[in-house]
Amino acid sequence: MSVLLDVQGLQTRFRVRKGYVYAVNGVSFSLEEGETLGVVGESGCGKSVTMLSLVRLLPPAASIENGQVLLRGEDLLQLDLRHLRDVRGGQVGMIFQDPMTSLNPFINIGTQMSEPLIYHRGMSKKEALARSAELLEMVGIPDGEARLREYPHQFSGGMRQRVMIAMSMSCEPAVLIADEPTTALDVTIQAQIVELVKELRDRSGVAVIWITHDLSVVAGIADRVIVMYAGYIVEEAPVDALFEDPRHPYTVGLMGALPSLEGETGTRLTTIGGSPPDLEELPDYCPFHTRCPYAIDRCRTENPMLEPVADASDRGHRAACWVDIREVAVQSNGAGASS
Amino acid sequence: MSQNDGKNGDPLVRVENLTKHFSVRIGAYGETKATVHALDEVSFDVQRGETLGLVGESGCGKSTAGLTLLQLHRPTSGKVFFDDSEVTGLSDKELRPLRRRMQIIFQDPYSTLSPRMTVGNAIGEPLWLHELASGQEAQERIAKLLDDVGLNPAFAFRYPHEFSGGQRQRVCIARALACEPEFIVCDEPISALDVSIQAQIINLLQDLQEEYHLTYLFIAHDLAVVRHISDRVAVMYLGRVVEMAPKEKLFDNPLHPYTNALLLSVPVPNPRQERQREHTVIQGNVPSAISPPSGCRFHPRCPLAFEPCDHEVPEWREVESGHWVACHAV
Amino acid sequence: MTTQEVTAGSEVDIVEASRTNLWKDAVARLVANKLAVIGIIPIVLLFFLAVFGPYLTPYDFLAQDFTARLAAPSSEHWLGTDELGRDVLSRILYGARTAVSVGLVSTAISLIVGLVMGSLAGYLGGRVDFMVVWLTDVTRSMPALLLAIVINLTLKTPLEAWMEEMYLATKNGFFRQTMWVDLVLVFGALALIQWPGYARLIRGQILSIRSRNYVLAARALGMPTGRILTRYVIPNAMGPLIVAVSAGLGGAMVLESAFSFLGVGVQLPIPSWGKMISDGLRMYRTHPHLLAGPAVMMAIITVSFAWLGDGLNDALNPRQWGG
Amino acid sequence: MGQYILKRIVYWIPALILLALSVYAMAFFGAGDPIKLMFLREEGDVTYDAQRLDAIRREKGLDRPFLVQFGEYTWHLVQGDLGMSVISGRSVNDMVGATAPVSFQIGIATVILVSIIGIPLGILAGLNHNNWIDNSILGSALFISGIPSYVVGPMLIVFMVLGLGIMKTTPYGWDGLFSSKAILPMFVMVFGSIAIIIRQTRSGVLEVLSEDYVRTARAKGVPEFMVIVRHMLRPVLTPVVTVLGQMLIGIVNGAIIVEKIFGIPGLGRLTIDFTYGVDYPVIVAITLIGALLVMLLNLAVDITYPLLDPRAAQAMTGVEE
């Protein structure tokens, strides 16, 4: 398979009252044709900002300082706005977290759905509406033609997310960026949406970037997973390798913190002490060291790079950590270097 | 933690046919009056020292159940007993001594603390209110409470906006604990928090339960969390409890088709298992609580629905010791 | 119990420098707003002049100097004199006293009425709420100047007649000073115009704060209504109230001058800027200094209030709190 | 919807009656004896004659109890008869009829001008949040909103006549809306009301700009111009409707002052001219017209606002316990 999207050294920061908050700090990754990449991390880890940076949909306070985003060899960060618009919605489709607010409440579904078809496919309004009706049926909304005349508030949350999916897939994009698309939904609806995206992906061959804070969701949909912390990618691995052999203490911590639907229940959850930082300057230390049970002196003076892990089962398994956590006897949880 | 199977035990809280309807107006001009059936004929009990998990999807009435139980909403009908005495129908004044013994922790730690009050004052309020401590003693109690929930006692003089979400939730827990309660309704206490912080709060709640012999009603939508923390679990759907059982029974042998569907919908953090798992998702959405379906409220989405389901409300019955369910097909 | 493990690192994320309280924060935001700071200066000056102004000028605002009628600005009379030979600057300074006292008194009255009515509506709800909202709607649908004109027109004569009667009955010199009638009418009109604003604000604040979770939590603790009001509702409603009072104070001064301009406000001999402007307008072609002085003064003060109000609004805007 | 309109009318009608009653009562009990004024208009003997006064009083029905007179007044009012002026003896209908069109022209022209100037400025400011365009528009609006019209008007006159010398004579009087005499008054009127619209529109734009659906539109590749026109305009303008009521009150206030400054024969001028008398039929009539206007506009806003927002049709309100 060939590389579809190649991101190199992406850096994005926000201007705040007292200076800057560094949200994305030199992130590099690639996405292959037809691949599904899961991006996991807690709120504020930079996962959404990274993906919004790709197509420059950032709020005004944010600025991209550095990096390259090559989509089939073309750098989206250098593209002028007119050509970037052809990419947005044409080659890159996006769905967002909150289907309640992501659709315009003042405009009917038909008009909203036909926009990408009109602007990217040059369809007439009539053609676009006809196609939109088909698309609605495709995502499991029956009686599409009639529903095109309805407004977003007449749809339930799950239905609205289906509309968003149909809209983002309407121009057969090469990449679908899904930014926490199920976080605001109930678990039964989440399952419906995940199944729908899987089905559409398998049918169209679109590459998917699925951003979520929920490791479990990633397990079911991703081929490869990126774990982000404080604006850095701290671990990257094929999905099986990540879950079976996590190498970054943060990934390990996240997995330990998840209660499970199976197995023993008398056990305590392992926790990660403290809470994630907002970086006000680029650190010359590992940003995780204050919460890390494995931290050594070097972690406090040098920020580790994302490097291939030792004797990995897969060549694509990389982590940013000075310590080989398999060699260290697991200390008591969280009572690490910070005390 | 007690290993009570829920029958003829030692209930601290007993809820009988609790019903809460809200009247609302719908439409551009509020022209249509309607009733939201938030809670309908719900019965359960919480045993002394146990954690009863209450799960369901958004809008199923689980939070209303918690608030109505505590008389923060006045119930439309039904009864609530606390420590064998009825609390429904008591005036605010009569409730006051009882309020000390039953507390609540809310979902959103950001809106539950007044931005104009220091954390120490917030925690001190119940001490003053219920005359539990004053002066120097109160200060010491506040420091002890902060320490109990894992915060530095020096934080007492700070304002909530200086704290992270997880820390605020700890403050809310400390405020609830200040009353020296026996029973705490935990209303989605971790839903607004990040995964790594969720685990901290869950562990804290468990530790406190052990130390202070607390009884919890733990309301959540996350089945895995509920399984982790609860002794028994009740499942709600559209204002009704559809199944209740000790957690092993409920998770290993769910009887109600909704419980089953819910369990199948939860993703598992294991890629190999996820690939092999059958993905039969239930279709459709939860109907509106304004005009809930007749009969069994789950019947329009139920794979097992048959003749009586659409007109006959299934009886709430105990199919085996401690395992309650409301379904015609069981 | 070992709480140490769960808290490891939790102290790291509170930076010592962030130890502030919300009021200090608001003041810092206000001071950072240049226009607001510029606006404060004339307002402080205005209040200073209202108290000390009359002592600072060499002339009595009533002193007539017929040798120097309608004099242009000079070193003797910085802003010139009017047709009765009275020093314009002295009259402007004394006018500050009128503006400030009318503003303060009418704001105080309408604030008290608004607080009472708004709290009743917000807390009791139901019919009381409906009636208060209705009353505010009725009052607010009356254009302010029309209302003032009606009040002045209809109540002035009987009040003056009553004063005269009282004087004849008591021989108390107080009842000869008919300016009190003007003041009472102006205060009354302003209070009538302004109370609905405060009432609606208070009502809205109570309704919104009452639905916050921290009030629900306080109720869960068994807190009585009175204490919820004093400990939770009032402190959290202070910000918007301060903004409203600042705007109301400026608004009252503008209206007072508008009344005077139309001739329904405070009558001579007390100087009022509005009256001075309308008098100045009659003779602007030959003696523009009569118009310029009070008009510029009025403009400076009103713009200052607008800037300060905007700054206060930004500084105390609840949307910027928390997080 | 019909029921709702009825409800709103039922809400506003007692308000109007209360206003009429209180204004009438103030005039009735406060304004002093109008008989003497009428008496002065009677032909012939002008000496004070108690008997003749009583006769007039009886003849005019002014000796009857307050409520009876008020009832009669209301009855005439409902039939569209505003009564007779005490001072001029003319019918108030005629007086209002002669002056109202001028004031309405000014008012409507102000609303139109303020909208077509203010809304684009507000949008421009919002789209350029925090740069010099926004700062200068917002700064000017803030400045403008500060200065009252009785300061702007006179200063403008001084500036035009003495400062620039463009005008030879003091602008005074009225030659119709489209004459040169209307320029200065209209300027003062627009000056007085435009800040509200600019600020409301600007904050609306800022709010909508941060909405997820604007991001969605951009993510779809919709051209920026269409994002503004199709996705932002309606959500921004819908709430602007609600400030119309507030604006109208400002316009009525402004018109009174502007009509005085520029000697325009409108309703405001009529009010002022009769201020020093006790011509309460005129005052009551004008007051009621002013209040009726504002209430009608409020009613219209109440009714149309939900129609403008598609979400309103299914909005759930008034959760009662």
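## Surroundings of D:S103

Leaving out residues up to four places away in sequence, D:S103 touches D:E259, D:G266, D:L267 and D:G268, where contact means heavy atoms within 4.5 Å. D:S103 sits in helix 5 (residues 92–127) of chain D. Helices (H or I, at least four residues) and strands (E, at least two) are DSSP runs, numbered from the N terminus. The relative accessibility of D:S103 is 11%, so this residue counts as buried. Buried means under 20% relative accessible area, exposed means over 50%, and partly exposed lies in between (1.4 Å probe, protein chains only).

The model is predicted: local features need pLDDT of at least 70, side-chain atom pairs count only at pLDDT 80 or more, and totals for chains, interfaces and linings use all residues. Residues are numbered from 1 along each chain as its sequence is written, chains are lettered from A and ligands numbered from 1 in the order in which they are written, and side-chain values use heavy atoms, with hydrogens and water left out.

## A helix pair in chain D

Helix 6 (residues 132–146) and helix 8 (residues 183–209) of chain D have axes that come within 8 Å and cross at roughly 140 degrees. Axes are lines fitted to C-alpha atoms, for helices over the stretch in contact, and angles run from 0 to 180 degrees between N-to-C directions. Helix 6 of chain D and helix 8 of chain D are therefore oblique to each other. Angles under 35 degrees count as roughly parallel, over 145 as roughly antiparallel, 65 to 115 as roughly perpendicular and the rest as oblique.

The crossing of helix 6 of chain D and helix 8 of chain D is left-handed. A crossing has this hand if the near helix is turned anticlockwise from the far one by less than a right angle, and is right-handed if clockwise. On the side of helix 6 of chain D, the contact is made by D:D134, D:I137, D:L138, D:A141, D:L142, D:I144 and D:S145, which meet D:F191, D:I194, D:A195, D:I198, D:R199 and D:R202 of helix 8 of chain D. By class, the contact of helix 6 of chain D with helix 8 of chain D has nine nonpolar residues, one polar and three charged. Ala, Val, Leu, Ile, Met, Phe, Trp, Tyr, Cys and Pro count as nonpolar, Asp, Glu, Lys and Arg as charged, and the others, Gly among them, as polar.

## Two helix pairs in chain C

In chain C, the axes of helix 6 (residues 144–170) and helix 9 (residues 225–262) come within 11 Å and cross at roughly 55 degrees. That angle makes helix 6 of chain C oblique to helix 9 of chain C. The crossing of helix 6 of chain C with helix 9 of chain C is right-handed. C:A144, C:L145, C:A148 and C:I149 in helix 6 of chain C meet C:L255, C:A258, C:F259 and C:L262 in helix 9 of chain C. The contact of helix 6 of chain C with helix 9 of chain C holds eight nonpolar, no polar and no charged residues.

Helix 2 (residues 22–32) and helix 11 (residues 289–316) of chain C pack at an angle of about 140 degrees, with their axes 8 Å apart. Helix 2 of chain C and helix 11 of chain C are therefore oblique to each other, and their crossing is right-handed. Here C:W23, C:A26, C:R29 and C:L30 of helix 2 of chain C meet C:G311, C:L312, C:D314, C:A315 and C:L316 of helix 11 of chain C. The contact of helix 2 of chain C with helix 11 of chain C divides into six nonpolar, one polar and two charged residues.

## Helix 8 of chain C

Helix 8 (residues 213–220) of chain C is largely enclosed by the rest of the structure, because six of its eight residues are buried. The buried residues are C:Y214, C:V215, C:L216, C:A217, C:A218 and C:A220. In chain B they pack against helix 1 (62–69), helix 2 (92–101), strand 6 (102–105) and helix 5 (165–178), and in chain C against helix 7 (179–210) and helix 9. After helix 8 of chain C comes C:G222, whose phi is positive, near 90 degrees.

## A:V225 in chain A

A:V225 lies in strand 9 (residues 224–229) of chain A, and is buried, with a relative accessible area of 0%. A:V225 and A:V39 are 186 residues apart in sequence, but 5.8 Å apart in space, C-alpha to C-alpha.
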